[in-house]
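Q: I've got a structure to go through with you. Can we take it piece by piece?

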Amino acid sequence: MNAAPHFKKIALIGFGLIGGSIARAAREQGLAGEIVATARSAKTRARVSELGIVDRVVETNAQAADDADLVILCIPVGACGAVAQEIATHLKPGAIVSDVGSVKGAVARDMAPYLPAGVHFVPAHPVAGTEYSGPDSGFAELFVDRWCILTPPPETDPQATERLAVFWRALGAKLATMTPEHHDLVLAVTSHLPHLIAYTIVGTANELGEVTESEVLQFSAGGFRDFTRIAASDPTMWRDVFLANKDAVLEMLGAFQEDLSRLTRAIRRGDGDALFEHFTRTRAIRRGIVNIGQDSAAPDFGRPHGSLPQVPKPQAADGE
Ligand code: NAP
């Protein structure tokens with residue numbers, strides 16, 4: 001196993017769920033001499049200072065990038081190009097520049113033109129998250145046993161890619177490398193489409209006239225509750241994901257609509273065999289995910305396991 005790399009200065013540009021989790025985990029693992037962070041708003045920067053997780057909070061992206069050995073953009077994908085332009089002249093030769101964006105093709109296209117020669121560009125996507133955002137939402141264990149996908153351009157020095165891979169492994173992640181195009185296709189089906197479906201179904205349920213809003217909330221079954229959790233994800237981040245991964249999402253959405261039409265037809269025709277066969281296949285996929293350790297086999301109870309409610313005992317009758 002490789003020893004954890006020691007970066008003299010790590011700059012985190014953006015400090016929400018992902019930036020905050022990297023800071024916490026990198027600090028716990030002692031991966032940096034200094035962790036410097038910045039965020040767009042004064043409010044977030046003040047909160048990061050209060051949290052005391054990083055060594056220094058600076059006001060501008062350029063100040064963060066100055067003299068850093070590793071710069072990670074932890075901001076919505078739509079903002080990555082402009083920030084790359086802003087920090088370009090502040091990057092020191094030999095620095096590794098990375099990001100954590102959920103879309104890789106567009107981010108690489110937006111950032112690469114601004115990065116000077118002598119800087120190593122290694123885009124990354126930790127496939128780990130929650131529906132929470134902001135500087136308080138991060139935690140050090142977020143990346144443990146989760147995949148981090150690197151999509152280095154062909155001209156990137158493999159040693160820089162390996163150095164970043166070792167960094168992510170030290171945060172607990174498992175590493176994969178692929179092209180940005182392949183990443184975007186895979187994630188369109190495993191992440192982007194499910195989010196779009198969740199956003200749709202929660203919106204649909206909310207607009208149904210004959211089912212009151214309070215009934216939707218009160219009787220939300222496991223399936224719907226899971227959708228509401230996903231649909232609570234950050235609107236800015238997800239707007240940017242769909243805009244940046246338009247082609248792959250539209251391709252997957254086309255396939256999804258065809259499958260949905262097949263199931264609609266099976267229900268309309270009372271074709272139980274078709275439904276049973278489909279649900280059997282999807283159940284096997286779920287088992288496969290559990291078997292490779294990507295999720296727990298524990299039943300999703302939807303709330304913490306607690307004790308049964310106290311049922312008042314019948315009062316003993318006088319004289320017994
Ligand atoms: P977040 O909690 O909302 O934090 C975003 C950070 O980016 C904040 O510090 C915010 O600053 C800053 N920011 C927002 N807009 C900006 C802009 N236009 N220019 C510069 N900075 C800006 O988001 P996150 O969940 O950490 O997501 C960050 C990145 O990680 C996204 O690219 C996302 O695709 C990727 N990602 C997310 C997840 C997930 O589940 N959330 C998983 C994997 C990857 P202020 O607070 O000052 O506004």
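Q: How far apart in helix α11 are Asp259 and Arg262?
A: They are three residues apart in helix α11, residues 246–269, so about one helical turn separates Asp259 and Arg262. Keep in mind that this is a predicted model.

Q: What do Asp259 and Arg262 form?
A: A salt bridge. The closest N and O atoms of Asp259 and Arg262 are 3.1 Å apart.

Q: Buried or exposed, or partly exposed, for Asp259 and Arg262?
A: Asp259 is partly exposed, at 34% relative accessibility. Arg262 is partly exposed too, at 39%.

Q: How many salt bridges does a search of the whole structure find?
A: The search finds 13.

Q: Which residue does Arg27 form a salt bridge with?
A: Asp55, with 3.7 Å between the closest N and O atoms. This pair links distant parts of the chain, 28 residues apart. Arg27 is in helix α1, while Asp55 is in the loop between α2 (42–51) and β3 (56–57).

Q: What are the relative accessible areas of Arg27 and Asp55?
A: Arg27 has 41%, which is partly exposed. Asp55 has 43%, also partly exposed.

Q: And what is the distance for Arg169 and Glu162?
A: Their salt bridge has its closest N and O atoms 3.5 Å apart. Arg169 is partly exposed at 40%, and Glu162 is partly exposed at 35%.

Q: Which residues are linked in a network of salt bridges?
A: Arg47, Glu50 and Asp136 are.

Q: Switching to the ligand. Which residues around the ligand come nearest?
A: There are 25 residues around the ligand, and Phe15, Ser41, Thr44, Ile75 and Ser102 come nearest.

Q: What classes make up that shell?
A: The shell has 13 nonpolar residues, 11 polar and one charged.

Q: Which elements each supply at least two residues of the shell?
A: α1 (17–29) and β7 (124–126) each do.

Q: What lies 2.6 Å from an oxygen atom of the ligand?
A: A polar backbone atom of Ile75. For Gly134, a backbone N or O atom lies 2.8 Å from a ligand oxygen. Arg40 puts a polar side-chain atom 2.9 Å from an oxygen atom of the ligand.

Q: How much of the ligand's area does the protein bury?
A: The protein buries 85% of the 900 Å² that the ligand exposes when taken alone.

Methods. Residues numbered from 1 in each chain as written. Predicted model: local features only at pLDDT ≥ 70, side-chain atom pairs only at ≥ 80, totals over all residues. Heavy atoms only, no water. Near = heavy atom within 4 Å. Polar contact = N/O pair within 3.5 Å; in protein donor to acceptor, adjacent residues only side chain to side chain. Areas by Shrake-Rupley, 256 points an atom, 1.4 Å probe, with all protein chains shown as cover. Helix = DSSP H or I, 4+ residues; strand = E, 2+ residues; numbered from the N terminus. Nonpolar A, V, L, I, M, F, W, Y, C, P; charged D, E, K, R; others polar. Salt bridge = Lys/Arg side-chain N within 4 Å of Asp/Glu carboxyl O. Buried < 20%, exposed > 50% of the residue type's maximum accessible area, 1.4 Å probe, protein only.
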